[in-house]
Amino acid sequence: HKSKMADEKEKDETGSTYEGSRLTLLMLLEEKQRALNKKSLIHRLVYIARLTGNLNDKRDLGAYYEQLFKKLHNHYQGEAATGLLLIYPQYCIHTVESSSEMLTATLRDLVSHQQSEGALISDAKILIMSHDIPTRLYPQWSHRVLNLPASRLDKYETNEPIEQLVPECLTQLLKLGVYLAKTPKLNLKNAMDSLHEKVPELLPPQDLIGYLLMSLELDSPQQYLKRYHQPFHTVLDGELVWPIPDRLFPLK
């Protein structure tokens with residue numbers, strides 16, 4: 001009886017939310033999110049794509065994603081999407097921060113959109129999917145059309161491997177996010193409108209984006225979804241043999 005009373009007293013003193021249950025890493029992460037007023041874990045997706053001839057006004061791409069994120073947010077009722085869509089003369093690079101459900105739905109839409117007749121973008125490649133990021137880089141979602149001259153280089157020449165080029169590109173985007181986060185709200189619109197003039201070194205070069213789009217090492221949205229969101233079925237050799245071999249001894 002004394003031992004039981006001591007246990008109960010100890011539970012009262014700790015005041016644990018997980019009384020009588022085994023504590024897991026997921027529980028700890030969820031409690032951390034609750035403390036930060038987050039509804040779910042936040043992830044960050046970055047992908048690149050080629051603009052198609054259907055895009056007469058580049059602002060239409062921004063309007064498309066604005067509508068998509070509103071629709072997805074109404075459906076999932078969770079974390080809103082934040083991020084930045086940079087639209088170059090021939091390409092785009094898109095950073096999206098949200099819940100796993102929202103980002104998966106965004107990738108599924110990307111697959112179906114690219115296959116549609118009036119697709120605005122094509123040949124998309126995923127640069128990274130970062131899971132459980134500590135904080136958002138962007139307070140809201142926005143897009144900007146970069147008034148740059150179109151790339152004239154036929155081929156981007158480099159000796160660096162893809163494993164090195166992708167982190168360089170992502171580092172620029174992270175530094176750009178930090179720069180915008182430090183910009184006072186009153187000056188933010190002006191800063192966003194003149195990124196190519198004020199901080200050209202923080203914008204991934206369009207020749208590099210074109211080079212990465214041709215890489216076979218980077219996953220397309222279809223490949224990513226197939227790899228991480230479809231059940232993995234293994235066929236054993238014994239299942240391909242007929243007649244089924246008799247087992248003389250039980251399997252241990």
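I began with a salt bridge (a side-chain nitrogen of Lys or Arg within 4 Å of a carboxyl oxygen of Asp or Glu): the side chains of aspartate 123 and arginine 50 form one, at 3.0 Å from N to O. Aspartate 123 sits in strand S4 (residues 121–130) and arginine 50 in strand S1 (residues 43–51), so this pair ties together parts 73 residues apart in sequence. I noted that helices (H or I, at least four residues) and strands (E, at least two) are DSSP runs, numbered from the N terminus.

The model is predicted, so I kept in mind that local features need pLDDT of at least 70 and side-chain atom pairs pLDDT 80 or more, while totals for chains, interfaces and linings use all residues. Residues are numbered from 1 along each chain as its sequence is written, and side-chain values use heavy atoms, without hydrogens and water.

Next I looked up exposure (buried is under 20% relative accessible area, exposed over 50%, partly exposed in between, with a 1.4 Å probe and protein chains only). Aspartate 123 is partly exposed at 42%, and arginine 50 is partly exposed at 26%.

I found seven salt bridges in the structure. One of them joins arginine 59 and aspartate 57 at 3.0 Å, N to O. Arginine 59 is exposed at 56%, and aspartate 57 is partly exposed at 29%.

I then checked aspartate 193 and arginine 144, whose side chains meet in a salt bridge of 2.9 Å, N to O. This pair links helix H6, which holds aspartate 193, to strand S5, which holds arginine 144, across 49 residues. Through shared partners, salt bridges join Arg144, Lys189 and Asp193 into one network.

Which elements each supply at least two residues of the lining of the largest pocket? I listed strand S5 (141–145), helix H5 (162–182) and helix H6 (185–193). H6 gives the most, with four residues. The lining has 16 residues, and Pro139, Gln140, Leu180, Leu188 and Met192 lie nearest the centre of the pocket. A pocket here is an open set of points on a 1 Å grid over the protein atoms alone, where a 1.4 Å probe fits, with protein on both sides within 12 Å along at least five of seven lines; lining residues have an atom within 4 Å of a point.

Last, I looked at leucine 28, which is in helix H2 (residues 25–35). Leucine 28 is partly exposed, at 43% relative accessible area.
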